[in-house]
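Good morning, and thank you for coming.

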Amino acid sequence: MQNLRNCNIFWVLALLIPGQVIFADAPKNWQIGFQNAASPVMEQLISFHNLMLIIIACIAILVIGLIFWVIWRYRASKNPIPQTWSHNVTLEVIWTLLPVVILLFMAYPSFRLLYYMDAAPQADMTIKVIGKQWYWTYEYPDHGNFSFDSYLVPEKDLKPGQLRLLSVDNPVYVPVNKKIRILTTANDVIHSWALPAMGVKKDCVPGRINETWFMATKPGVYYGQCSELCGPKHGMMPIEVHVVSEQEFNQWVERARKKYE
Ligand SMILES: [Cu+2]
């Protein structure tokens with residue numbers, strides 16, 4: 001609820017100061033739910049999660065209700081002589097078939113989403129992500145194949161507005177509303193490139209390339225973290241992605257090529 005209120009205040013401010021506030025998403029203290037969706041995949045993941053939540057809640061209520069009913073209905077004081085029957089074919093058929101039907105009902109949207117998330121056949125651009133102990137290297141093969149390393153900003157060097165354990169020295173830039181193909185790999189051990197607001201989490205495995213994609217629908221700064229235990233500084237290799245307009249992205253590419261090539 002607190003999050004929701006903060007969020008509303010944020011949007012009021014964003015409307016009052018046009019062009020000044022950028023939408024950003026990062027973990028918040030005591031957060032329980034997901035970050036706000038900023039990509040079509042994450043929107044679908046959240047609705048799938050909500051569907052699961054309803055099914056799980058119904059099953060939990062049914063089972064707990066049955067337990068209490070049995071405790072009350074078959075209590076010792078009401079049934080001094082125990083029943084002797086042990087099977088009920090109708091009941092057994094129902095409690096076998098019903099879970100099968102529920103599983104099939106969940107499997108269809110689950111597989112559809114899984115294949116949707118898997119790869120983007122018509123991606124607008126590609127970024128290669130290489131996990132290393134303990135930082136990330138990014139390559140932009142479609143923009144002159146420049147590459148750069150992205151390290152955590154240590155706590156003592158944090159500037160105002162930068163987030164502890166999340167801000168990096170060289171963030172990733174992507175254009176808004178474009179399909180970004182992400183190719184992941186690693187140089188040493190398995191890492192995992194994760195960006196919760198986009199619904200992305202892909203293992204980076206040495207010696208192989210994994211593929212995923214996202215399309216950011218809201219400009220702003222998004223944060224993620226390595227999500228595969230990769231050694232003592234696993235928590236010190238965050239991910240910072242700036243989603244900007246296509247024009248700003250092209251300007252950044254110009255600067256980046258001079259800086260990193
Ligand atoms: Cu890692």
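Glu-246 is partly exposed, with a relative accessibility of 42%; partly exposed here lies between buried, under 20% relative accessible area, and exposed, over 50%, with a 1.4 Å probe and protein chains only. This is a predicted model, in which local features need pLDDT of at least 70 and side-chain atom pairs count only at pLDDT 80 or more, whereas totals for chains, interfaces and linings use all residues. Residues are numbered from 1 along each chain as its sequence is written, and side-chain values use heavy atoms, with hydrogens and water left out.

The partner of Glu-246 is Lys-178, in a salt bridge whose closest N and O atoms are 3.6 Å apart. The term requires a side-chain nitrogen of Lys or Arg within 4 Å of a carboxyl oxygen of Asp or Glu. This pair links distant parts of the chain, 68 residues apart: Lys-178 sits in the loop between strand E5 (172-175) and strand E6 (180-186), and Glu-246 in helix H4 (residues 246-260). Helices (H or I, at least four residues) and strands (E, at least two) are DSSP runs, numbered from the N terminus. Lys-178 is also partly exposed, at 25%.

The whole structure holds four salt bridges. Among them is Arg-181 with Glu-211, at 3.2 Å from N to O. Here strand E6 is joined to strand E9 (residues 210-214), the two residues being 30 apart. Another is Arg-164 with Glu-155, at 3.3 Å; Glu-155 is exposed, at 55% relative accessibility.

I turn to the metal. Which protein atoms are the donors of the copper ion? They are His-191 (ND1), Cys-226 (SG), Cys-230 (SG) and Met-237 (SD), at 2.0 to 2.7 Å; donors are N, O and S atoms within 2.8 Å of the metal (3.2 Å for Na, K and Ca), and since water is not among the atoms, sites may look incomplete. The arrangement is tetrahedral because the four donor atoms subtend angles of 92 to 130 degrees, the criterion for four donors being that all angles lie between 85 and 135 degrees. In sequence, the donor spacing is H-x34-C-x3-C-x6-M. His-191 and Cys-230 are both buried.

Finally, the largest pocket has a volume of about 600 Å³, the space filled by probe spheres set on grid points joined across faces, edges and corners. A pocket is an open set of points on a 1 Å grid over the protein atoms alone, where a 1.4 Å probe fits, with protein on both sides within 12 Å along at least five of seven lines; lining residues have an atom within 4 Å of a point. Of its 21 lining residues, those closest to the centre are Leu-62, Leu-66, Leu-91, Ile-94 and Trp-95.

Technical notes
Four donors count as tetrahedral if all angles lie between 85 and 135 degrees; four count as square planar and six as octahedral if opposite donors are over 155 degrees apart and all others between 65 and 115; anything else is irregular.
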